[in-house]
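Trainee: I would like to learn how to read a protein model, one feature at a time. Could you take me through an example?

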Amino acid sequence: MTNRSLFQVTLVVDDYDRAKAYYCGVLSFDCVEDKPQGEGKRWVVLKPGKDGAAIVLAKASTDTQKSAIGKQTGGRVGFFLSTNDFARDHKSFLDKGVKFLEEPRTMPYGIVAVFEDVYGNTWDLIESAKNSP
């Protein structure tokens, strides 16, 4: 049996520090690495918790890359943030100015609401039904 997992995904951003401040300060991600790579590039890895994939911030350097900021998934929800306490995180995000595009809804798989990050990327905040009381 093959043992593989998706452990990192790239998120194209306009500025490392702006992105890091948002994801760590507003969404409470942890910065697990931030190392200079030369020529103005950095290896910045952020993680929302101990489990799951991390985000590697990639500063856009070409016009094509810059045009993809906030649109990496063509307007679809592209990122799924799991939580064990939807109400706590939803309130915290609202208090910090996160823009939710809908009211929370209960689905067969759990409680979910779509929000936009600082760049316009759409995310699902989800508490799995198996974690709900």
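Trainee: What do the buried residues of H3 pack against?
Mentor: The buried residues of H3 pack against H1, strand E5 (79–82), E6, E8 and E9. Buried means under 20% relative accessible area, exposed over 50%, and partly exposed in between (1.4 Å probe, protein chains only). Contact here means heavy atoms within 4.5 Å. The H and E labels are DSSP runs, numbered from the N terminus: helices (H or I) have at least four residues and strands (E) at least two.

Trainee: Before we go on, what kind of model is this?
Mentor: It is a predicted model, in which local features need pLDDT of at least 70 and side-chain atom pairs count only at pLDDT 80 or more, while totals for chains, interfaces and linings use all residues. Residues are numbered from 1 along each chain as its sequence is written, and side-chain values use heavy atoms, with hydrogens and water left out.

Trainee: Which residues are buried in H3?
Mentor: A handy rule first: an α-helix has 3.6 residues a turn, so residues three or four places apart point the same way. In H3, the buried ones are Phe86, Asp89, His90 and Phe93. Looking down the axis of H3, these residues fall within an arc of 100 degrees, so they line one face of the helix. That arc is taken from the directions of the C-beta atoms as seen from the helix axis. Ala87, Lys91 and Asp95, on the other side of H3, are exposed. After H3 comes Gly97, with a positive phi near 90 degrees.

Trainee: Which residues of helix H1 are buried?
Mentor: H1 covers residues 16–26, and its buried residues are Tyr16, Ala19, Tyr22, Tyr23 and Val26. They fall within an arc of 165 degrees when seen down the axis of H1, so they too line one face of their helix. Their cover includes strand E1 (8–13), strand E3 (41–47), strand E4 (54–59), helix H3 (86–95), E8 and E9.

Trainee: What caps the N-terminal end of H1?
Mentor: Asp15 does, with a side-chain oxygen 3.1 Å from the backbone nitrogen of Asp17. Just after H1, Ser28 has a positive phi of about 65 degrees.

Trainee: Which strand joins E8 by 3 bridges?
Mentor: That is E7 (residues 105–107), which runs antiparallel to E8. Met107 faces Gly110 across this pair, and the hairpin of E7 and E8 has 2 residues between the strands. E8 also pairs with E6 (residues 99–100) in the antiparallel sense, over 2 bridges, where Lys99 stands opposite Glu116.

Trainee: How many salt bridges does the structure hold?
Mentor: Side chains of opposite charge can pair when their charged atoms come close. We count a salt bridge when a side-chain nitrogen of Lys or Arg is within 4 Å of a carboxyl oxygen of Asp or Glu. This structure holds 10 of them. In one, Lys20 and Asp34 have their closest N and O atoms 2.8 Å apart. Lys20 is in helix H1 and Asp34 in strand E2 (residues 30–38), so the pair ties together parts that are 14 residues apart in sequence. Lys20 is partly exposed at 24%, and Asp34 is partly exposed at 29%.

Trainee: What does Arg42 form a salt bridge with?
Mentor: Arg42 is another partner of Asp34, again with the closest N and O atoms 2.8 Å apart. Elsewhere, Glu102 and Arg105 meet in a salt bridge at 3.0 Å, N to O. Through shared partners, salt bridges join Asp17, Lys20, Asp34 and Arg42 into one network.

How values were computed:
Two strands pair if DSSP finds at least two bridges between them. A polar contact is a pair of N or O atoms within 3.5 Å; within protein, one must be able to donate a hydrogen and the other to accept it, and residues adjacent in sequence count only if both atoms are side-chain atoms.
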